[in-house]
Amino acid sequence: MSPVKVFGRAISTNVSRVLVCLEEVGADYELVTVDFLAGEQNSPEHVERNPFGKIPALQDGDLVLFESRAIAKYILRKYKSSEVDLLRESDIREAALVDVWTEVEAHQYYPALSPIVFECIIFPIMRGVPTNQQVVHESLEKLKKVLETYEARLSGSRYLAGDFLSFADLNHFPFTYYFMATPYASLFDAYPHVKAWWEGLMSRPSIKKISANMPTKF
């Protein structure tokens with residue numbers, strides 16, 4: 001069976017989300033470089049894979065998918081085993097909690113944390129514009145409130161959906177990794193259960209492998 005192909009670059013947050021899931025399930029895959037810094041995601045060839053001109057895209061035989069969270073779920077379903085079940089779909093209660101915290105990441109955590117990453121790292125590098133400190137300040141205040149909820153949750157369970165690792169946890173990796181390269185990484189020190197959870201994620205072999213191809217200094 002041919003390995004699945006992932007189109008993009010590992011330094012992309014959305015690509016790294018997919019790669020970590022592939023590593024967790026032990027699937028064979030090929031990373032095909034599409035350099036978004038050079039605009040290659042807008043090439044006609046890639047737009048056939050993703051009509052929105054974004055990365056990643058995934059090809060598995062004649063199936064082509066885009067949108068990183070959808071790709072990740074496909075991977076976790078296809079390669080599910082008794083040892084690796086990161087969506088917990090065999091238990092409706094556990095699956096529901098995975099869904100809840102996956103949605104929390106998308107609609108609460110990401111909107112609070114990502115503007116800090118964009119302002120401190122992405123915009124200065126890709127657009128050559130200075131950091132907007134007002135945006136950073138407002139986002140930090142939002143993030144503190146979100147982290148208070150996470151601290152309460154993680155004080156009662158090892159992971160977000162319960163005492164088991166799930167997609168809900170892995171979903172936080174890409175942007176949190178880059179947040180830790182900003183001047184505001186020490187914010188997590190005020191939330192010891194969140195910090196311990198994050199350090200636990202960073203110790204996983206899958207995340208160590210993928211993060212080795214992601215920059216830590218800018």
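In the predicted model, a side-chain oxygen of Asp91 comes to within 3.0 Å of the backbone nitrogen of Arg93 at the start of helix α4. Helix α4 spans residues 92-126 and comprises 35 residues. Its end C-alpha atoms are only 43 Å apart, short of the 51 Å that a straight helix would reach at 1.5 Å a residue. A bend of about 55 degrees is found in α4 at Tyr110, and the proline Pro111 follows within four residues. Beyond the helix, α4 is followed by Gly128, which has a positive phi near 70 degrees.

The largest nonpolar core consists of 64 residues, among which Tyr150 and Trp197 have the most contacts inside the core. Helix α4 gives the most to this core, contributing ten residues. At least three core residues come from each of domain 1 (4-79) and domain 2 (92-209). When neighbours within four places in sequence are left aside, Trp197 is in contact with Tyr150, Leu154, Arg158, Tyr159, Leu160, Asp169 and His172.

A further site concerns Ser16, located in helix α1 (residues 13-25). Ser16 has a relative accessible area of 0% and is therefore classed as buried, the cut-off for that class being under 20%. A polar atom of the Ser16 side chain lies 2.9 Å from the backbone oxygen of Thr13. With neighbours within four places in sequence again left aside, the residues in contact with Ser16 are Ala10, Phe173, Pro174, Ile210 and Met214.

Conventions
Residues numbered from 1 in each chain as written. Predicted model: local features only at pLDDT ≥ 70, side-chain atom pairs only at ≥ 80, totals over all residues. Heavy atoms only, no water. Helix = DSSP H or I, 4+ residues; strand = E, 2+ residues; numbered from the N terminus. Expected span 1.5 Å × (residues − 1). Bend = angle between axes of the 7 residues up to and from the residue. Polar contact = N/O pair within 3.5 Å; in protein donor to acceptor, adjacent residues only side chain to side chain. Core = buried A, V, L, I, M, F, W, Y, C linked by side-chain atoms within 4.5 Å. Buried < 20%, exposed > 50% of the residue type's maximum accessible area, 1.4 Å probe, protein only. Domains from an automatic or database assignment. Contact = heavy atoms within 4.5 Å.
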